[in-house]
Amino acid sequence: MALPSLDSPQWQSPWRAFAWGVRSITQTILTLVLFATYLGIGALAHDTQFSLLWALCSTLFVWAGPAQIILITTLGSGATIIQSAIAVTVSAIRLFPMVVSVLPLMRTPTTKRRELFFAAHLTAVTLWVECHRFLPLVPRERRIAFVNGLGFGLVSVCLTANTLGYFLAANLTQTLGAAILLLTPLSFLFSTARNSREVADVVALTLGILLYPLAARMNSGLDILVSGVAAGTIAYGVHWWREVRA
Amino acid sequence: MSAAQLIGDWQALVVLFVAGVVPNQIWRMLGLWFGGGIDEGSELLVWVRAVATAILAGVIAQIVVEPPGALASVPDALRYGAVAAGLVVFLLTRRSIFAGVVAGEVFMLAGKWWLG
């Protein structure tokens with residue numbers, strides 16, 4: 001499937017543009033990665049005693065895989081609401097620069113802020129990557145409709161995956177259930193590693209994994225935050241040191 | 001599966017909004033309102049991104065080290081081995097996420113089958 005050329009009459013209707021956005025989910029391997037991740041999230045929700053409706057609401061309203069997994073694992077392991085909220089909000093800070101950098105791609109001089117609401121809500125790492133790839137091929141005045149379609153398609157895929165994962169975890173043998181739960185750490189590890197362009201990102205990822213077991217021994221209830229802030233700050237130190245030397 | 005299991009109680013949904021939706025969504029809405037004028041390469045954002053990455057890494061480690069539900073039935077060595085095998089394949093295939101995930105899963109399932 002190739003998108004119509006920029007001057008094609010296909011782009012005259014916003015609904016057509018929305019439909020092209022929905023169809024574009026078939027053009028990226030990231031859709032498959034999201035499917036696997038959300039299959040895992042559905043299974044994780046089941047095995048940590050959350051309801052299916054809860055899992056679906058978290059996908060619809062949070063729409064950020066890392067935040068959802070942090071929320072489920074922290075609440076599931078007995079953290080307080082405040083502790084979970086802090087861990088979620090720190091993980092979500094990265095959405096701020098993403099939204100700031102992606103919205104100008106679809107804004108026109110007459111665009112009102114509320115027209116960008118759904119695009120802002122749908123912004124997460126996958127959409128952010130795909131916007132940079134697809135939007136140059138879409139006429140500017142149809143980009144919001146296209147992004148809404150793309151996001152709608154991706155959310156639908158993930159809601160389906162959640163439901164499937166939830167029922168699979170409930171009905172599969174223990175081994176296959178374990179296989180589905182393992183999808184989440186694997187897909188997150190490799191997609192984060194793939195997005196790590198700078199040394200600081202690699203150090204943060206590696207140290208973040210290695211420091212967690214140490215932090216967990218302190219049993220503070222804030223293990224993830226302790227290891228995350230420590231590893232992230234060391235990674236930033238490496239970045240700073242390289243800048244100074246350069 | 002019962003209706004209670006599918007729908008759950010309203011308290012859990014309140015917790016979802018207070019601990020999940022609001023703390024997450026606030027950053028997108030700030031981006032929508034105060035977009036523009038923020039330098040994407042600023043030092044503060046570099047630190048924030050590093051901490052966010054490390055927190056996610058911690059969550060990955062937590063799931064593997066203190067596995068939930070059915071994953072706890074897999075022996076420690078097999079879980080760590082699966083992640084290591086996936087990582088090796090991921091690196092060998094010039095960072096193919098798909099190949100890494102498949103390799104990790106195959107390692108775990110083969111190990112389970114072999115152990116009986």
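## Two loop residues with positive phi

Start with the loop between helix 2 (29–47) and helix 3 of chain A, where Gln49(A) sits. This is a predicted model, and in it Gln49(A) takes a positive phi of about 70° despite not being a glycine. Gln49(A) has 15 other C-beta atoms within 10 Å, so it counts as partly exposed.

Arg95(B) isn't a glycine either, yet its phi is positive, at about 65°. Look for Arg95(B) in the loop between helix 4 and helix 5 (97–115) of chain B. With 15 other C-beta atoms within 10 Å, Arg95(B) is partly exposed.

## Helix 2 of chain B: length and kink

Helix 2 of chain B covers residues 10–34, which is 25 residues. From first C-alpha to last, helix 2 of chain B reaches 34 Å, close to the 36 Å expected at 1.5 Å a residue. There is a kink along the way: about 40° at Val21(B), shortly before the proline Pro23(B).

Quite a few residues of this helix are buried, including Leu16(B), Ala19(B), Gly20(B), Trp27(B), Arg28(B) and Leu32(B). Val21(B), where the kink lies, is also among the buried residues, and so is Pro23(B). What do the buried residues of helix 2 of chain B pack against? Their partners are in chain A: helix 3 (52–61), helix 4 (65–76), helix 5 (81–92), helix 6 (95–102) and helix 7 (117–122).

## Two chain A helices alongside it

Take helix 5 of chain A to begin with. Helix 5 of chain A and helix 2 of chain B pack at about 25°, and their axes are 8 Å apart. That angle makes the two helices roughly parallel, and helix 5 of chain A passes helix 2 of chain B in a right-handed crossing. On the helix 5 side of chain A, the contact residues are Ile81(A), Ser84(A), Ala85(A), Val88(A), Thr89(A) and Ala92(A). They meet a set in helix 2 of chain B that includes Val15(B), Val18(B), Ala19(B), Gly20(B), Pro23(B) and Trp27(B).

Now for helix 3 of chain A. Its angle to helix 2 of chain B is about 30°, with the axes 10 Å apart. Helix 3 of chain A and helix 2 of chain B are therefore roughly parallel to each other, and this crossing is right-handed. Trp54(A), Cys57(A), Ser58(A) and Phe61(A) of helix 3 of chain A make the contact with Ala12(B), Leu13(B), Leu16(B), Gly20(B) and Val21(B) of helix 2 of chain B. Gly20(B) turns up in the contact with helix 5 of chain A and in the contact with helix 3 of chain A.

Asn24(B) lies in helix 2 of chain B. Is Asn24(B) buried or exposed? Asn24(B) is buried, because 27 other C-beta atoms lie within 10 Å and the cut-off for burial is 20 or more.

Leaving out residues up to four places away in sequence, Asn24(B) touches Val62(A), Ala64(A), Ala67(A), Val88(A), Thr89(A) and Ala92(A). Val88(A), Thr89(A) and Ala92(A) belong to helix 5 of chain A. As for its own chain, Asn24(B) is ten residues from Phe34(B) in sequence, and their C-alpha atoms are 16 Å apart.

Helix 10 of chain A is mostly covered, with 16 of its 22 residues buried.

Pro185(A) is also a contact of Val83(B), along with Leu186(A), Leu189(A), Val64(B) and Gly104(B), once neighbours within four places in sequence are left aside. Val83(B) sits in helix 4 (residues 76–92) of chain B and is buried, with 23 other C-beta atoms within 10 Å.

## Gly208(A), a glycine touching both chains

Gly208(A) is in helix 11 (residues 199–218) of chain A. Gly208(A) counts as buried, with 31 C-beta neighbours inside 10 Å. Setting aside residues up to four places away in sequence, Gly208(A) touches Ser227(A), Gly228(A) and Ala231(A), and its chain B contacts are Thr53(B), Ala54(B), Ile55(B), Ala57(B) and Gly58(B).

How values were computed: Residues numbered from 1 in each chain as written. Chains lettered and ligands numbered in written order. Predicted model: local features only at pLDDT ≥ 70, side-chain atom pairs only at ≥ 80, totals over all residues. Helix = DSSP H or I, 4+ residues; strand = E, 2+ residues; numbered from the N terminus. Expected span 1.5 Å × (residues − 1). Bend = angle between axes of the 7 residues up to and from the residue. Buried ≥ 20, exposed ≤ 12 C-beta atoms within 10 Å, placed from the backbone. Contact = placed C-beta atoms within 7 Å. Axes fitted to C-alpha atoms, helices over the stretch in contact; angles between N-to-C directions. Parallel < 35°, antiparallel > 145°, perpendicular 65-115°, else oblique. Left-handed = near helix turned anticlockwise from the far one by under 90°.
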